[in-house]
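Please read the numbered points below alongside the model.

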Amino acid sequence: MRVVFMGTIDFSVPSLKVLLEEGYEVVGVVTQPDRPRGRKRELTPPPVKVEALKHGLDVFQPERLRTPEAVERVREMKPDLIVTAAYGQILPKSILTLPKHGCINVHASLLPRYRGGAPIHYAVMNGDPVTGVTIMYMAEGLDTGDMISRVEVPIGLEDTTGTMFEKLAREGAELLRRTLPGLLSGQIEAVPQREEEATYAPNITRADEELDWTRPAVQLFNRVRGLNPFPGAFTYWKGHVLKIWASTLADRALPAEAKPGEVLAVTEAGIDVATGDGVLRITELQPSGKRAMNAAEFSRGGQMAPGDRLGERPS
């Protein structure tokens with residue numbers, strides 16, 4: 001069984017490890033090119049490349065997988081099966097038709113909910129109590145292929161996108177371990193997705209990151225944890241960007257005269273801010289040009305006071 005693995009980020013690594021642990025012959029690993037990272041913009045390999053090189057695997061990093069040269073390189077690997085997990089590029093038909101056992105994907109949602117590139121972010125931002133992983137055949141459409149297996153994973157109120165990434169990566173890899181034997185022996189029958197139930201999770205934009213204080217506090221709470229640890233929610237304060245990394249729902253009534261975005265209190269427990277419905281308590285934040293800090297540390301600076309207004313864009 002010649003397997004080609006395609007993946008890029010930390011989410012992908014446990015699935016690659018499972019293939020190796022189960023003794024599948026991984027004849028090639030396709031991943032994104034090295035990218036500049038950090039303040040020094042040093043060229044950094046993706047996590048899947050790092051893991052693949054530990055095992056002496058052949059690594060291929062095309063900028064675009066759709067070029068004839070890239071397709072030919074994959075063809076030369078002679079895959080019986082292609083497994084993808086958060087690779088980051090859509091596979092062209094010329095590759096989808098190569099392996100006799102097809103191309104399967106470890107997708108971090110309960111399809112057909114949250115097709116697209118940011119399913120974990122949206123599940124947390126929308127306050128879903130449960131999400132999961134679906135293993136599916138890949139098709140030419142965006143995450144439209146038939147479903148092979150799936151597993152549900154609860155989302156707690158303490159969870160962030162970061163914690164859910166770790167949980168779903170682990171659960172997805174174990175689901176892959178359980179699914180492959182039955183899939184390859186023909187004992188599992190894939191089922192089509194119900195198109196009428198499909199929703200989408202497009203990549204996060206800058207507009208998604210800005211907090212709209214006219215929304216209810218519970219929605220803002222979910223957005224903050226859904227954007228943690230990347231890319232982070234933000235608002236404006238005194239003309240500068242203020243990153244918001246953690247929050248909770250304040251156990252206090254919203255004053256009738258308070259306007260959305262108005263600071264109600266600044267204490268070591270947090271910064272209470274009026275919203276469209278309820279009060280949000282910011283517990284971890286990062287002023288422009290400074291490091292992230294908790295509310296207790298920030299409050300000792302004395303720069304923010306009740307009556308300040310968050311969310312007012314610089315003119």
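1. Trp237 and Phe298 are both buried, where buried means under 20% relative accessible area, exposed over 50% and partly exposed in between, with a 1.4 Å probe and protein chains only. This is a predicted model, in which local features need pLDDT of at least 70 and side-chain atom pairs count only at pLDDT 80 or more, while totals for chains, interfaces and linings use all residues. Residues are numbered from 1 along each chain as its sequence is written, and side-chain values use heavy atoms, with hydrogens and water left out.

2. The structure holds four aromatic pairs, a pair being rings of Phe, Tyr and Trp (its six-membered ring) with centres within 6.5 Å, counted as stacked when the planes are under 30 degrees apart, edge-to-face when over 60 and tilted for the rest. In one of them, the ring centres of Phe234 and Tyr236 are 5.5 Å apart and the planes stand at 90°, so this pair is edge-to-face. Phe234 is buried, with a relative accessible area of 1%, and Tyr236 is buried as well, at 16%. The rings of Trp237 and Phe298, with centres 5.9 Å apart and planes at 70°, also make an edge-to-face pair. That pair links distant parts of the chain, since Trp237 belongs to strand S10 (residues 233–237) and Phe298 to helix H9 (residues 295–299), 61 residues apart; helices (H or I, at least four residues) and strands (E, at least two) are DSSP runs numbered from the N terminus.

3. Two further aromatic features deserve a look. Arg206 lies over the face of Phe234, at 4.0 Å from the ring centre, the criterion being NZ of Lys or CZ of Arg within 6 Å of the ring centre and within 35 degrees of the ring normal. Elsewhere, Phe11, Phe165 and Phe230 form one aromatic cluster.

4. Which strand does S11 (residues 240–249) join through seven bridges? The partner is S14 (residues 279–287), running antiparallel to S11, and Ala246 has Glu284 of S14 as its bridge partner; strands are taken to pair if DSSP finds at least two bridges between them. S14 also pairs in the antiparallel sense with S13 (residues 270–274) over four bridges, with Val273 opposite Leu280, and with S15 (residues 293–294) over two bridges, where Glu284 stands opposite Asn294.

5. Both of the following connections are hairpins with a glycine of positive phi in the turn. Between S13 and S14 there are four residues, and Gly278 has a phi of about 100°; between S14 and S15 there are five, and Gly289 has a phi of about 80°.

6. Residues 203–301 are 19% helix and 36% strand, with end C-alpha atoms 36 Å apart, whereas residues 1–179 are 31% helix and 26% strand, with end C-alpha atoms 15 Å apart.

7. Overall, the protein has nine helices and 15 strands, and its C-alpha atoms fill a box of roughly 65 × 45 × 35 Å along the principal axes. Of its 315 residues, 50% count as buried. Among contacts (heavy atoms within 4.5 Å) with a separation of 6 or more, residues 24 or more positions apart account for 64%.
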